[in-house]
Structures are given as structure tokens and as C-alpha cells.
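Visitor: Can you walk me through this structure? I'd like to start with the inside and then look at the sheet.

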Amino acid sequence: MPRLKKASSAKEKKMQIIIGKRRHLQLERRKEVSHNIRYIGKVPVRIVMDTEFLKVQPQDSLVDLIDKLRGEETSAVVLDEEGKLLGFVTMKDLLKFFAPFQKHTVIGVGLLKRYSLTRASRVEDIMITKPITIGIEDTLDQAIKIMMETGKHHLPIIDREKKVHGVLEVKDIIRLIRIVSV
């Protein structure tokens with residue numbers, strides 16, 4: 001009997017040591033990841049932003065916009081001829097345009113016309129004319145705060161003249177977090 005207790009006691013001590021080492025390694029890894037993630041906030045948005053974004057004009061057809069949004073694109077920046085920001089459209093804005101009527105909505109002819117997609121429907125009919133943006137010189141810390149406060153998942157990146165340089169999406173930030181935490 002005493003021999004079994006000693007064997008069992010020795011086994012428990014070994015298990016505690018192994019568990020202790022694992023826990024120590026996990027804590028060290030968490031510290032390292034935590035440090036790297038804190039560093040992410042200092043990264044300029046211009047490094048992470050997507051410079052290959054969908055550009056449209058206000059007079060473009062909604063049918064064309066929907067066709068262009070087929071791929072990985074989830075938003076479009078509405079620009080003038082000089083590349084300055086006029087508006088922004090996301091897939092969510094498109095969904096709002098086609099949202100079903102509420103239960104007790106009074107439907108008039110004007111309202112029905114709005115919900116029918118024709119070749120005459122334009123980007124300007126659904127674009128957000130004053131989108132929330134972030135400056136080209138800002139950091140991810142500022143971008144993340146804006147995204148958290150507003151619930152927006154896409155931010156056009158502009159300079160002082162309102163010229164668009166890119167789009168920052170949540171997926172871009174998550175991709176960076178993945179790279180840093182590996």
C-alpha cells in the first residue's frame with residue numbers, strides 16, 4: 001500500500017510540473033501576443049488599407065454596381081472625376097434599399113417606384129453622402145475606436161482635400177492581428 005501511495009504521489013508531482021510548464025508557456029505566449037496587439041494600434045492605416053477598391057460614380061447604374069459587387073468587394077467608393085469622395089455604398093445599404101415593407105406601411109406609387117430596380121436606378125439613389133471617414137495619417141487605434149463607436153465595418157481613407165487613397169475594412173485589421181499573433 002505505501003508503495004502505491006508513493007507512486008501515485010510521484011505521478012501527481014510530475015503532472016503538476018507538466019501542467020505548470022504548459023501554463024507558463026501559455027502565459028508567456030499571451031504576453032507576447034498582447035504586446036504585439038498593443039503595437040497594432042500604432043500602425044498607420046495607410047499600411048493596412050486596401051488600395052484596390054471599387055470606384056463608382058453617382059450616375060452609375062445600380063445594376064452595374066450589383067454586378068461589380070459579386071466578388072470579394074463589399075463596398076464601393078463614390079468619387080468625382082478628381083478622385084474626391086462624394087459618397088459610400090456598402091452591401092448593407094443595398095439591403096436597406098430592398099428591405100421589405102413594414103407590416104403596417106402605407107404604400108404609395110412613389111414608394112413602390114423606389115423599391116423597383118430598373119436601369120434608371122442610380123448609385124446616387126442609395127449612397128451615403130456623408131460617410132464616416134478616417135485620415136491617411138491616422139493610426140489603427142483611431143480607426144478601431146471609430147469602428148467600435150459607430151458600428152461601421154468599412155472606412156474610406158481620405159487626405160485633407162477629401163481625395164480617397166483606400167478603404168480600411170475590419171477584415172484588414174483581423175488579417176494583421178493574425179499575422180502578428182502567429
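Guide: What follows covers the nonpolar cores and then the sheet. Keep in mind that this is a predicted model.

Visitor: In the largest nonpolar core, which residues touch the most other members?

Guide: Those are Val45, Leu140, Ile157 and Leu168, out of 15 residues in that core.

Visitor: Which helices and strands each supply at least two residues of this core?

Guide: Helix H2 (45–48), helix H6 (140–150), strand E5 (154–158) and helix H7 (170–181) do. H6 gives the most, with 3 residues.

Visitor: What is leucine 140 in contact with, leaving aside its neighbours within four places in sequence?

Guide: Leucine 140 contacts Ile40, Gly41, Val43, Val45, Val48, Leu168, Ile173 and Leu176. There is also a second, separate core of 13 residues, and Val56, Leu62, Leu65 and Val89 are among them.

Visitor: Why would residues like these group up at all?

Guide: In soluble globular proteins, nonpolar side chains tend to be buried together.

Visitor: OK, the sheet now. What order are the strands in?

Guide: The order is E4-E5-E6, in an open sheet of 3 strands with mixed pairing.

Visitor: Why is one side of E4 and of E6 left without a neighbour in the sheet?

Guide: Strand E4 (134–135) and strand E6 (164–169) are at the edges and have a single partner strand each, so one side of each has no neighbour there.

Visitor: How many bridges join E4 to E5?

Guide: There are 2, and E4 and E5 run parallel. Glycine 135 has isoleucine 158 in E5 as its bridge partner.

Visitor: Which strands does H6 touch?

Guide: H6 packs on the sheet and touches E4, E5 and E6. The direction of H6 makes about 65 degrees with that of E6.

Notes
Residues are numbered from 1 along each chain as its sequence is written. This is a predicted model: local features need pLDDT of at least 70, side-chain atom pairs count only at pLDDT 80 or more; totals for chains, interfaces and linings use all residues. Side-chain values use heavy atoms; hydrogens and water are left out. A nonpolar core is a set of buried Ala, Val, Leu, Ile, Met, Phe, Trp, Tyr and Cys residues joined through side-chain atoms within 4.5 Å. Buried means under 20% relative accessible area, exposed over 50%, partly exposed in between (1.4 Å probe, protein chains only). Helices (H or I, at least four residues) and strands (E, at least two) are DSSP runs, numbered from the N terminus. Contact means heavy atoms within 4.5 Å. Two strands pair if DSSP finds at least two bridges between them. Axes are lines fitted to C-alpha atoms, for helices over the stretch in contact, and angles run from 0 to 180 degrees between N-to-C directions.
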